[in-house]
Amino acid sequence: MAHAFFGGVHPNDMKAATNEKAIEQLAAPAQVVIPMSMHIGAPCKPIVAVGDKVKIGQRIGEPGGFVSAPIHASVSGTVKAVEPRPSSMGGTVMSVVIDNDFENTVSEEVKPAADPENLTSEELVEIVKNAGIVGQGGATFPTHVKISSGLGKVDYVIINAAECEPYITGDHRACLERPDQVILGATLLAKCFGVDKVYIGIEANKQNAADVLNAKIKELNAPVQVVVLHTRYPQGAEKQLVQAVSGRQVPSGKLPADAGCCIFNLNTTCAIYRAVYTGMPVVNKIVTVSGSGVIEPKNVECPIGTPITALFDACGGLKEETYKLIMGGPMMGLAQHSFDVTVGKGTGAMLAFAGDEEKYEAEPQCIRCGKCVGVCPIRLEPIFMYKYLMKGNYEAFRDQLHGMDCIECGACTYTCPARLPLTHAFRLGKQQVNNARMAAQAKAAAEKAAAEKKEA
Amino acid sequence: MTDYKNLKLIASSSPHIRSNENTRSIMLDVIIALLPALAWAIYSFGFKALLTTVISVVACVFWEWAYRKVMKKNQMIGDLSAVVTGMLLALTCTANLPWWMLVIGGFFAIVVVKQLYGGIGCNFLNPALGGRAILVASYAGLMGNYSLPKAKLDVVVSTATPMQIMKEGTVEQWEILTSNYSVGDMFLGNIGGAMGEVSALALLLGGAYLIIRKVISWHIPVAYIGTVLVLSLVAAPAGIDAVQYMLYSVFGGGLMLGAIFMATDYATSPVTKPGQLIYGIGCGLLTVFIRRFGSFPEGVCYSILIMNCTTWLLDKYIRPTIYGAVKKEKKEAAK
């Protein structure tokens with residue numbers, strides 16, 4: 001059995017609604033809206049203009065820097081507009097709107113690698129970079145940056161199939177239905193990093209998926225090992241998965257590569273497989289549409305840029321009592337205030353709540369039970385972090401209580417019987433600390449410049 | 001199809017789901033866990049035990065309501081914490097208490113100890129024990145007015161509790177004690193004393209329920225009872241069988257009630273597990289010291305109150321080592 005990470009909670013996983021439903025192909029929408037920023041890092045610059053004809057897989061967004069990933073057309077058709085549209089992160093984002101011609105013409109740029117079995121690390125990084133692959137678990141960090149920064153340092157490659165967020169079943173279904181993509185993708189990563197074995201971390205509530213993967217590993221004699229982990233949130237958080245699979249800890253303030261580990265989401269691994277073996281960049285996404293507000297929950301595969309209303313339409317629509325819309329899982333997902341957003345590279349789930357999931361307390365009062373301390377996977381003390389923040393003491397939050405190490409997993413808030421808005425307060429607190437640090441840096445730079453001017 | 005434009009959406013910060021457990025459900029669990037002890041008290045001391053408990057609960061809830069009403073604060077009696085305080089206060093007293101003393105004890109527990117410091121979670125002393133302490137200090141005679149349990153009414157003459165007899169520490173007294181009360185009597189609760197503390201069995205049942213329901217963890221009760229167990233084995237007076245002395249020390253007095261229901265009070269105990277172990281050991285040490293060397297026959301109440309005052313210190317200096325903590329030397333070497 002694998003190691004265990006610290007703390008954690010056991011929310012009802014709610015996966016029964018969709019974990020036996022095969023991934024359904026969504027009828028292509030008449031129009032897609034593709035945001036030019038679906039990754040962490042510099043946004044892309046659109047390289048198409050209104051009226052241009054585009055084909056599936058054709059590059060339409062050029063990376064804005066090294067930490068960035070190109071963006072491709074997900075349907076064939078005509079560019080209708082290039083303009084800011086509502087973003088799932090709030091505000092607006094430059095987007096390319098494409099009217100679907102339903103021809104499904106695939107771009108000439110899409111062609112498989114000449115010799116997939118014998119790629120060098122550099123070649124694989126180049127393919128991943130051109131395919132616009134990002135961490136599809138939701139963090140959306142450009143994968144080529146992750147690989148190239150880990151090369152030479154990493155001796156532990158882990159595929160993240162934990163899928164610890166309740167409701168979401170896309171990775172589970174992908175394991176069951178596309179095990180060859182998973183295993184061949186993992187094999188590519190093993191070769192790239194030069195490791196003997198790639199580990200797939202999967203939670204025990206997906207034992208059937210682990211069995212399917214194991215059968216496929218045997219069949220292909222692949223350098224891959226499935227590690228079945230306890231079902232516990234946040235098993236799939238990067239640092240926690242490193243600890244659970246390898247027994248190592250990522251040093252505070254560092255990346256998994258500093259502990260010799262590199263983690264790839266299951267979907268990302270499949271995307272690497274597709275990019276190498278078919279040449280197809282990231283143009284589709286598997287989305288779990290679920291929650292008490294959805295009439296008929298499903299796993300849907302749809303083009304990037306599909307309006308979320310099209311997803312709900314495909315699932316029988318929403319109940320009238322729906323009061324919350326979440327892009328991502330219920331523990332870390334982003335609540336949406338409008339229906340005018342579209343599926344991005346990191347959208348693993350669209351949830352709609354119509355029941356009593358939201359338990360709001362108007363005037364919460366901490367009872368000092370300390371349960372938050374027990375469940376924190378980083379072993380922080382949310383109770384005191386919250387109290388110091390409420391007093392405006394950001395120094396204690398940052399220094400004595402290590403508040404900046406908070407991964408915002410929400411375990412403390414989930415478990416809090418007094419229903420305090422803990423995670424929310426920590427997000428604000430971290431923001432304040434970062435703002436103060438940047439202000440101090442700017443001030444120091446200005447003073448330095450002023451001093452130099454004086455000398456001159 | 002659904003008219004999406006008409007749906008009113010809430011956009012709040014994640015997580016978007018919460019555990020079903022809340023303050024009220026926790027307090028309800030504590031009340032359930034106290035029921036065996038209360039039932040035994042009613043069986044052993046009669047209907048007046050129930051009456052005393054009801055008066056205490058009503059008084060505590062009233063004071064909580066009245067204070068927040070007068071101070072124009074939001075009402076929180078729905079969280080049931082005042083009910084728990086009322087039950088605990090009554091269970092730490094003799095069943096023979098006049099009703100007005102419970103009203104005074106309830107006032108001190110709820111208003112002075114709890115609400116003046118900000119209400120639930122903000123008090124630094126256990127409210128029920130604070131209330132009991134002021135009653136002992138003010139009405140020592142009435143608080144010590146214990147009666148015999150039902151099973152011993154026709155057997156035993158003296159109403160002195162086993163703890164009071166043990167305080168004497170002489171071999172003669174010890175023989176009187178063991179001839180009147182067997183170890184089984186001590187465990188089951190066929191002894192005199194505060195009405196909720198007599199039955200170790202009923203309290204252990206309640207404690208097991210709380211641990212299974214994850215309302216409390218084992219750390220404080222085990223550290224506390226374990227310390228008393230070991231120390232009374234070591235410190236048994238000359239001429240008295242050490243194992244027997246240990247069993248009477250552990251089952252007698254308020255140890256079970258204190259270790260399971262009082263020392264585990266959230267607001268007044270440390271939040272980290274190592275802190276809780278130290279806290280439990282401290283309670284155990286003080287209890288044995290007071291019982292053996294102090295001027296009271298029982299030391300549970302004051303031990304816990306004293307350790308309550310160290311909680312902030314334990315929380316401040318016993319912090320968990322965080323995930324991926326970078327050792328100081330390394331950090332400095334990196335510089």
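**View 1. Contacts across chain B.** In chain B, 75% of the contacts with a separation of 6 or more are between residues 24 or more positions apart. Keep in mind that this is a predicted model. The secondary structure here comes to 17 helices and 0 strands. Along the principal axes, the C-alpha atoms of chain B fill a box of roughly 85 × 55 × 40 Å. Of the 335 residues in chain B, 49% are buried.

**View 2. Helix 1 and helix 3 of chain B, packed together.** Zooming in on one helix pair, we have helix 1 (residues 23-45) and helix 3 (residues 81-91) of chain B.

View 3. Helix 1 of chain B brings B:Met27, B:Val30, B:Ile31, B:Leu34, B:Ala37, B:Leu38 and B:Ala41 to the contact. Facing them from helix 3 of chain B are B:Ser81, B:Val83, B:Val84, B:Met87 and B:Leu91. Sorted by class, the contact between helix 1 and helix 3 of chain B has 11 nonpolar residues, 1 polar residue and no charged ones.

**View 4. The largest nonpolar core, around A:Ile200.** This core has 140 residues, and the members that touch the most others are A:Ile200 and A:Leu311. Helix 4 (residues 179-193) of chain A supplies the largest share of the core, with 8 residues. Look around A:Ile200 and, setting aside neighbours within four places in sequence, you'll find contacts with A:Ile159, A:Ala161, A:Ala186, A:Leu213, A:Val224, A:Val226 and A:Val227. There's also a second, separate core of 85 residues, and its members include B:Cys60, B:Ala160, B:Leu277 and B:Cys301.

**View 5. Where chain A meets chain B.** Chain A puts 57 residues into this contact, and chain B puts in 36. On the chain A side, the elements giving two or more residues are helix 8 (308-314), strand 15 (324-327), helix 12 (411-415) and helix 13 (422-455). What's the class make-up of the side of chain A that touches chain B? That side has 28 nonpolar, 16 polar and 13 charged residues.

Methods: Residues are numbered from 1 along each chain as its sequence is written. Chains are lettered from A and ligands numbered from 1 in the order in which they are written. This is a predicted model: local features need pLDDT of at least 70, side-chain atom pairs count only at pLDDT 80 or more; totals for chains, interfaces and linings use all residues. Axes are lines fitted to C-alpha atoms, for helices over the stretch in contact, and angles run from 0 to 180 degrees between N-to-C directions. Helices (H or I, at least four residues) and strands (E, at least two) are DSSP runs, numbered from the N terminus. Two residues are in contact if their C-beta atoms, placed from the backbone, lie within 7 Å. Ala, Val, Leu, Ile, Met, Phe, Trp, Tyr, Cys and Pro count as nonpolar, Asp, Glu, Lys and Arg as charged, and the others, Gly among them, as polar. A nonpolar core is a set of buried Ala, Val, Leu, Ile, Met, Phe, Trp, Tyr and Cys residues joined through C-beta atoms within 7 Å. A residue is buried if 20 or more other C-beta atoms lie within 10 Å of its own, exposed if 12 or fewer, and partly exposed in between; C-beta atoms are placed from the backbone.
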